[in-house]
Structure formats: C-alpha cells, structure tokens
Amino acid sequence: MGDTSRMSRETHVRICEGLGVKFPGPTRQFPGATHLVILVDSHPRQQWLRQAVETRLREELAKLQVEVNEEKSRRVDLQRDASFGFLGFEFRRVRSHRGRWMPLLLPKGKKRTALLGKLKEILGASRSQPVGEVIDKINPILRGWVKYFAVGHSSRCFSFVRDWVEKKIRRHLARACQRRGFGWKRWGGEWLYGTLGLLSEYRVCYGSISAVAPV
C-alpha cells in the first residue's frame with residue numbers, strides 16, 4: 001500500500017484520456033479502443049515515479065481485464081526532442097522566445113493532409129457547379145476541423161489551410177470565367193469571405209485545452 005497511496009496523491013503525474021474513457025467504478029469499464037497518456041514530471045526526484053508508474057498502471061488494467069497494445073505503447077522523453085501524438089495533436093517540448101521550456105501543441109501532419117485530401121476530392125467533383133454551392137459544401141468541413149484544432153499553437157497550420165482553400169476557390173472562379181491565374185486583383189478578399197461567405201474564422205483559443213485536459 002506504500003506505493004499505492006503515495007502515487008494516488010502524487011501531483012507530478014497527469015493522465016490524459018481519449019475516446020470517452022472513464023476510470024473504473026462498480027459498473028464502469030474501459031471501451032475496446034482507448035488511448036491513454038501518462039505525463040510524469042522530469043525532475044530527478046521523480047525518477048522512482050517514472051519507473052513505478054508503468055508497473056502500477058499495468059496492475060490496475062489487469063484488474064479490469066484490459067489488455068495493453070504493446071506495439072502502440074511506448075515511452076517518450078520530451079527532453080530528448082521526442083514527441084508523441086494524442087487525439088490528432090502532436091506534442092513536443094520547445095524553448096519559448098524568452099528561452100523557457102514550453103509544450104508545443106500542433107495538429108498532426110497527417111490530419112492536415114487528410115483534410116486537404118477530402119476538400120480536394122469535393123472540389124474536383126464540383127468543377128461545373130457554382131462557387132456558392134462549392135463553398136456550402138466545404139465550409140462545414142472546414143469549420144468542424146478548425147474548431148477541433150483551435151487550441152495550442154495551430155496558427156501556422158491554419159494559415160496554410162486558409163491560403164490553400166482560398167487559392168482553390170480562386171482557381172474555381174477563374175476556370176468559370178475561362179481565365180488564368182488566381183484573380184488577385186479581380187476578386188478581393190472582402191468579396192470572397194464577406195459576400196460569398198467562404199469560412200474566414202481560423203482563430204486559436206489560447207485558454208485551457210479541454211480536449212486533452214488532465215484528470
């Protein structure tokens with residue numbers, strides 16, 4: 001009970017859970033597919049904890065008859081420029097402009113690639129349709145994706161997505177008019193986003209990260 005009681009009160013352990021995970025009670029069970037991340041303080045005095053936390057976790061999961069996927073389970077040392085993915089985000093440690101260590105939270109590259117691939121498919125199938133109808137199709141997809149990833153440090157990724165989408169819409173307009181280029185002078189940004197209604201809100205919330213809030 002020594003390690004059990006000590007670890008249960010330990011403030012240097014943070015557990016992040018995904019896909020509707022709930023810790024066990026009398027009638028609660030883990031679902032079949034569960035993503036679990038345990039964060040441990042890197043201070044040298046927590047060395048014992050880094051060694052004990054995996055053993056303790058496996059003991060508790062065994063009580064619930066939950067199997068660990070060994071192929072997908074790994075240890076990551078953020079002090080050695082490593083990173084890990086969780087709920088579509090990539091986590092790593094970097095230095096701030098003031099020289100302090102800070103967590104960096106970004107949308108995973110494959111998530112952005114998947115988004116652009118889906119949008120490209122819709123745009124390709126809508127070449128003969130009015131631009132308004134095309135925007136009505138892609139806006140809900142963009143809005144949902146942006147709202148999900150609107151935490152952490154997604155600004156650069158958002159800028160890339162916004163620029164990519166705007167160019168695709170401009171090319172759609174140019175083809176409809178049998179013109180070349182992107183029509184930077186012909187179609188202003190205010191008209192694209194204001195009149196046509198192309199999604200323009202790519203804002204990042206710098207508050208708490210509720211999607212991966214520690215328990």
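Predicted model: local features only at pLDDT ≥ 70, side-chain atom pairs only at ≥ 80, totals over all residues.
Residues are numbered from 1 along each chain as its sequence is written, and side-chain values use heavy atoms, with hydrogens and water left out.

**Figure 1. Overview of the chain, with six helices and five strands.** Helices (H or I, at least four residues) and strands (E, at least two) are DSSP runs, numbered from the N terminus. From the N terminus on, the order of elements is α-β-β-α-β-β-β-α-α-α-α. Of the 215 residues in the chain, 30% are buried; buried means under 20% relative accessible area, exposed means over 50%, and partly exposed lies in between (1.4 Å probe, protein chains only). The accessible surface comes to about 14,700 Å², and carbon and sulfur atoms account for 50% of this surface. Accessible areas come from the Shrake-Rupley method with a 1.4 Å probe, and for residues only the protein chains shown count as cover. Among contacts (heavy atoms within 4.5 Å) between residues at least 6 apart in sequence, 52% join residues at least 24 apart.

**Figure 2. The largest nonpolar core, which has 37 residues.** Such a core is a set of buried Ala, Val, Leu, Ile, Met, Phe, Trp, Tyr and Cys residues joined through side-chain atoms within 4.5 Å. Leu142, Val165 and Ile169 touch the most other members. At least two residues of this core come from each of β3 (83-86), β4 (89-95), α3 (109-125), α4 (131-148), α5 (155-176) and α6 (189-195). Helix α5 gives the most, with eight residues. When neighbours within four places in sequence are left aside, valine 165 is in contact with Leu119, Ile138, Leu142, Leu198 and Tyr202.

Figure 3. Apart from neighbours within four places in sequence, histidine 172 is in contact with Ser126, Arg127, Gln129, Pro130, Val131 and Val134.

Figure 4. Side chains of opposite charge can pair when their charged atoms come close. A salt bridge is a side-chain nitrogen of Lys or Arg within 4 Å of a carboxyl oxygen of Asp or Glu. Because aspartate 163 and lysine 167 are four residues apart in helix α5, about one helical turn separates them. Aspartate 163 is partly exposed at 37% relative accessibility, and lysine 167 is partly exposed at 31%.

**Figure 5. A network of salt bridges linking Arg56, Glu60 and Lys63.** The structure holds four salt bridges. One of them joins glutamate 60 to arginine 56, with the closest N and O atoms 3.1 Å apart. Both residues lie in helix α2 (residues 47-63), where glutamate 60 and arginine 56 are four residues apart, about one turn of the helix. Glutamate 60 counts as partly exposed, because its relative accessibility is 29%.
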